[in-house]
Amino acid sequence: MLRRTLVAALPALLLATTACAEQSVGDPNAPAGSAVAYPSKTLQIMAPAGAGGGWDTTARTLQQALQGAGLLGGQSAEVRNVTGAAGTIGLAELVTSHKGDAHQLMVTGLVMVGGVVTNKSPVDLSQTTPIATLTAESEVIVVKSDSKYQTLKQLVDDVKADPTSVKWGGGSAGGTDQILVGLLAKAAGADASTVAKQYIAYSGGGETKAGLLSGDISVAVSGTSEFADLVKAGTVRALAVSSATGGDAGLGTPTPSIKESGYDLELMNWRGLVAPPGISDAEQAAVIAMVDKLHASAQWQQALADKKWTDFYRTGNEATTFFADEHTRIKAVLTEIGLG
């Protein structure tokens, strides 16, 4: 059941975890050998998708905020893109090629959880070292400004009459965007399995934009921030967002939510950060301590506001449990709409 809000208040447990992480880095009272100077060389941040999408934007925002907040200790951070298969190619590389290297980090998220299921990936997030969840963001459903669809209801009515009449597009197969399409069809009483098969998967938000503007697809689904520039410019029209209530999709005024449009559905796309397997507990604590400071920095908080991302910060055991629960939940959802 996707009808829920992912965003929760930061619990006391998280605060306790944060305190422990900071003590393990440079604390003279910490056990001998537990302190880790981090980073001690160039930090590599992998965006496991093409340029211009949500993971790429998250990785580059992390890079800029870490540098701006002075958290790299004189080192630098680089972002690189590894594309394909809903991030599972990047995931496989992280797990198999960078074991034990705490300076290799990867942005992850709900899309990758779905990709692991649909691609029957031999690796999953349980084989990584969890660092943190970072943000959550609503999805947006958009059409070109010259589309005949002015409202979500008009679009859904056509889909109900003929499930093959609309070509949808968004991020990787089995990811958040396609899950939303399938669940919207299901909520509207349309043939969810057939509708989900009309979906074209692109490697990132940049390609999705190009697909919509070229006419290869008639409707695009993506993170709200990814289409905000085109909505603001009047190039595309936002029909609905996937949060509980309406939100700004780029015009400065609320776009109705799917639920407000008459369909009982809410879905938030979360993103997080993981490290390779095989790093030590002290190294994991050092990475988390750095990300704790990032989360508290003015640079990161400003980025959250600018990009309209919801703060969804969890670390340590709480993040580990969340990743595992999401795998179970999304596998059930994908099976329900014929994609699992």
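Reader: Is Lys120 buried, partly exposed or exposed, and how is that class read?

Author: Relative accessible area sets the class: buried means under 20%, exposed over 50%, and partly exposed in between, with a 1.4 Å probe and protein chains only. Lys120 has 65% relative accessibility and therefore counts as exposed. The model is a predicted one, in which local features need pLDDT of at least 70, side-chain atom pairs count only at pLDDT 80 or more, and totals for chains, interfaces and linings use all residues. Residues are numbered from 1 along each chain as its sequence is written, and side-chain values use heavy atoms, with hydrogens and water left out.

Reader: What is the phi of Lys120, and where does the residue lie?

Author: Helices (H or I, at least four residues) and strands (E, at least two) are DSSP runs, numbered from the N terminus. Lys120 lies in the loop between α4 and β4 (129–144), just after α4. Its phi is near 50 degrees, a positive value in a residue other than glycine.

Reader: Why is helix α4 described as largely enclosed?

Author: Eight of the nine residues of α4 (residues 110–118) are buried, so the rest of the structure largely encloses this helix. Among the buried residues are Leu110, Met112, Gly114 and Val117. Contact means heavy atoms within 4.5 Å. The buried residues of α4 pack against the helices α2 (54–68), α3 (88–97), α6 (176–188) and α12 (316–336), and against the strands β3 (104–109) and β11 (268–275).

Reader: What surrounds Gly205?

Author: Gly205 is found in helix α8 (residues 205–214) and counts as buried because its relative accessible area is 3%. Leaving aside neighbours within four places in sequence, Gly205 is in contact with Gly52, Gly53 and Glu226. Gln64 is 141 residues from Gly205 in sequence and 20 Å away in space, C-alpha to C-alpha.

Reader: How does the radius of gyration of the protein chain agree with that of a compact globule?

Author: The radius of gyration is taken over C-alpha atoms, and the globule rule is 2.2 Å times the number of residues to the power 0.38. For 340 residues, a compact globule would have a radius near 20 Å, and the protein chain agrees, at 20 Å. Its C-alpha atoms fill a box of roughly 70 × 40 × 35 Å along the principal axes. The secondary structure comes to twelve helices and twelve strands, and buried residues make up 56% of the 340 residues. Of the contacts with a separation of 6 or more, 76% join residues 24 or more positions apart.
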